[in-house]
Amino acid sequence: QVQLVESGGGLVQAGGSLRLSCVASGNIFSNNAMGWYRQAPGQQRELVAVKPSGGRADYADSVKGRFIISRDNDKNAVYLQMNNLKPEDTAVYYCNIKQRKTWEIYWSDDYWGQGTQVSVSS
């Protein structure tokens, strides 16, 4: 019902920057949270940054001060500006949207993008 299309991944050297983009289409609820997760080889998927439709953004401690999440609600898009990239940032990055009706306690919808590879060389 919701599709997420990601772009912007690539290969960069340490200290470089990348900007990831994700555009959502379909049945988008007004109450939602869009975010970015990543999964490195041999590790579990982890939250990188999330921005609710009506709230402040949260970041993983490892990316605070380096990454910035932003949204364009008119375009149903979310972006991740990644600065001062480190080799440990290497992972597949996934766009995510969670949403619910206003009366629901838990997120009733949960959709993921296909993932985009970010590789950082030392």
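Predicted model: local features only at pLDDT ≥ 70, side-chain atom pairs only at ≥ 80, totals over all residues.
Is leucine 47 buried, exposed or partly exposed? Its relative accessible area is 33%. Buried would be under 20% and exposed over 50%, so leucine 47 counts as partly exposed.

Which residues does leucine 47 touch, if we leave out those up to four places away in sequence? The answer is Trp36, Tyr37 and Ala60. For a distance, take leucine 4, which is 43 residues away from leucine 47 along the chain. The two C-alpha atoms are 17 Å apart.

Now the whole protein. There are eleven strands and zero helices, so the order of elements from the N terminus is simply β-β-β-β-β-β-β-β-β-β-β.

On size, the C-alpha atoms fill a box of roughly 50 × 30 × 25 Å along the principal axes. The radius of gyration is 14 Å. A compact globule of 122 residues would come out near 14 Å, so the protein agrees with that rule.

Next, contacts. Take those in the protein with a separation of 6 or more: 57% of them are between residues 24 or more positions apart.

As for the surface, 40% of the 122 residues count as buried. The protein exposes about 6,700 Å², and carbon and sulfur atoms supply 47% of that.

Last, charge. The protein carries 13 positive and 11 negative side chains. How far apart are the centres of the two sets? They lie 3 Å apart.

Conventions: Residues numbered from 1 in each chain as written. Heavy atoms only, no water. Helix = DSSP H or I, 4+ residues; strand = E, 2+ residues; numbered from the N terminus. Rg over C-alpha atoms; globule rule 2.2 N^0.38 Å. Buried < 20%, exposed > 50% of the residue type's maximum accessible area, 1.4 Å probe, protein only. Contact = heavy atoms within 4.5 Å. Areas by Shrake-Rupley, 256 points an atom, 1.4 Å probe, with all protein chains shown as cover. Lys, Arg positive; Asp, Glu negative; His and termini not counted. Charge placed at Lys NZ, Arg CZ, Asp CG, Glu CD.
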